[in-house]
Amino acid sequence: MIYMFFKLTDEQLMIQTMVREFSRKVVATTAAERDRTKEFPAENFKKMGELGLMGMMVPVEYGGEGTDTISYVLALSEIAYSCASTAVVMSVHNSIVCESVNKYGNEEQKTKYLPQLTSGEFIGAFALTEPHAGSDPVSQSTTAVRDGDEYVINGTKRFITTGKNAGLVIVTAKTDEAKRHKGISAFLVEKGTPGLIVGNIEDKMGLRASDTTDLIFENCRVPAENILSKEGDGFKIAMTALDCGRIGIAAQSVGVSQAALDAAVKYAKGREQFNQKISKFQGLRWMIADMATEIEAARQLMFSAAAMKDRGENYTSQASMAKLFSSEMVNRITGKALQIHGGYGFTKDYPIERFYRDARVFTIYEGTSEIQRVVISNNIFKDKRKP
Ligand code: COS
C-alpha cells in the first residue's frame with residue numbers, strides 16, 4: 001500500500017462547497033419532518049440528479065459526472081450532514097448500483113440503464129439479503145431458473161433500501177444450487193416487472209425517510225439479457241459492490257458525526273450552568289476535542305480507501321477499516337453529543353436525538369462490524385482460518 005498525503009483539488013473543493021450549500025438549503029429543510037412522517041424525499045432526488053449527484057462516478061458518456069471517489073465521499077458526507085436517510089439512498093444508488101452496472105454491465109445495459117440512473121429518474125436498489133441470509137449471503141435461497149430467453153426468479157429479499165421507490169433493482173439469485181458462491185448470479189429487474197412485489201415496509205428507529213422493504217419475487221420473469229456479467233458472477237459482483245458501499249457508509253458516518261459535533265458545540269456555547277457557559281468547562285471541552293479527533297481519523301480512513309479505489313488498487317480491506325472505524329465512531333460521537341445536550345438531547349426539540357437514532361444501523365448494514373473484522377483479518381492472514 002502506498003501511503004499518500006494529499007490536498008483536495010480545486011475541483012473537489014468546488015463540489016464540496018456546491019453540495020454543502022444544496023444540502024443545508026434544501027435537504028436539511030425537511031429532514032426532521034420527514035423523520036416524523038417517513039415521507040421519501042422523491043423531489044430532492046430529482047434535484048440531485050440535475051446536480052449530478054446520482055451518478056457521480058459514472059463516465060460522462062453514460063450521463064454521469066465522471067468524478068473520482070474522493071469527490072463522491074465529500075458530496076455524500078455533506079448530504080449525510082443534513083439528512084442520513086437521503087444519504088443512504090444516495091450511497092446505495094451510487095456506490096452499489098451505478099458502480100455495478102458501470103463495472104459489470106455490457107454496452108447495451110449501460111446505454112439503457114445508466115442515463116436513467118444518473119438523471120435520478122430511476123433510483124437503484126440492491127437485493128442481496130434474505131430473511132435467513134444476512135452476514136452469510138451465500139446461504140441465500142432465491143432462485144433464477146432459465147426458461148427459453150428468460151429467467152424466472154422466485155424468493156424473498158429482506159431489508160432492501162429503497163425497495164419501494166427504486167426504479168431498478170439488482171437482485172442476486174441462485175442459478176446453480178449445487179454450487180456455493182459460484183452458483184449465484186445477479187439480474188437487473190425494472191420496477192413494474194410482473195412478479196416483483198413490494199412486501200413489508202419496515203418501521204425503523206432511524207433513517208425513517210428511506211424505505212426499507214421486503215421484495216418478493218413470484219415467478220418474476222426477466223429477459224435473459226438482463227443478467228449482469230454472466231452466470232455465477234453474482235457473489236463477486238455483490239462483494240465488489242459492497243467494497244464501494246462500505247466507503248459510502250464511512251462517508252455517511254463522517255457526515256452525521258460532524259453534524260452531531262457541530263450541534264453539541266452550538267448547544268454548549270449557548271447553555272449556561274453554574275453562572276457560565278458550559279463550553280467553559282474543561283471536562284466538556286476535552287470531550288469535544290476527543291470527538292473532533294475521532295471524526296478526523298475516520299475522515300482520513302475514508303479518504304484513504306477512496307484514494308486507493310481511485311488509483312485502481314485493491315481496497316477491500318481499507319474500505320472495511322473505514323466502515324468499521326467510522327460507523328463505531330459515529331455511535332460514540334452521537335452518544336456524547338446527546339449527553340452534552342443533557343435532558344434536551346432526549347427530546348425532539350433538538351436534532352441530536354435523530355442523529356443518534358439514524359447512526360445506530362451504520363454498524364449493522366452493508367456488513368456488521370463483526371463482518372468487517374472478518375474481512376480485515378482474512379486479508380491479513382489470507383489463509384481464512386482453513387487448517
Ligand atoms: N471483491 C471481489 N471478490 C471477492 C471479494 C471482494 N471484496 N470478497 C470475496 N470475493 C470472492 C473471493 O475471491 C472468492 O472467489 P474465488 O473463489 O474465485 O477466489 C469468493 O468471492 C468467495 O469469497 P470468500 O470465500 O471470502 O466468501 P465467504 O463466503 O467466506 O464470505 C464474507 C466472505 C463474510 C466477507 C462475505 O460473505 C460478506 O461480506 N458478508 C457480509 C455481507 C453483507 O455485507 N451483507 C449486508 C448486505 S447489505 S446490501
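Tutor: The charged end of Arg332 lies over the ring of Phe325, at 5.8 Å from the ring centre; a charge sits over a ring if NZ of Lys or CZ of Arg is within 6 Å of the ring centre and within 35 degrees of the ring normal. This is a predicted model, in which local features need pLDDT of at least 70 and side-chain atom pairs count only at pLDDT 80 or more, while totals for chains, interfaces and linings use all residues. Residues are numbered from 1 along each chain as its sequence is written, and side-chain values use heavy atoms, with hydrogens and water left out.

Arg24 also has its charged end over a ring, that of Tyr81, 3.8 Å from the centre.

Next, ring against ring. The whole structure holds 7 aromatic pairs (rings of Phe, Tyr and Trp, the last by its six-membered ring, with centres within 6.5 Å; planes under 30 degrees apart are stacked, over 60 edge-to-face, the rest tilted). Tyr151 and Phe187 have ring centres 4.7 Å apart and planes at 55°, so this pair is tilted. Because Tyr151 belongs to strand E3 (residues 150-161) and Phe187 to strand E5 (residues 184-190), the pair ties together parts 36 residues apart in sequence; strands are DSSP runs of at least two residues, numbered from the N terminus. Tyr151 is buried at 2% relative accessible area, and Phe187 is buried at 0%, where buried means under 20% (1.4 Å probe, protein chains only). Elsewhere, ring pairs join Tyr267, Tyr344 and Tyr350 into a cluster.

Conventions:
Helix = DSSP H or I, 4+ residues; strand = E, 2+ residues; numbered from the N terminus. Buried < 20%, exposed > 50% of the residue type's maximum accessible area, 1.4 Å probe, protein only.
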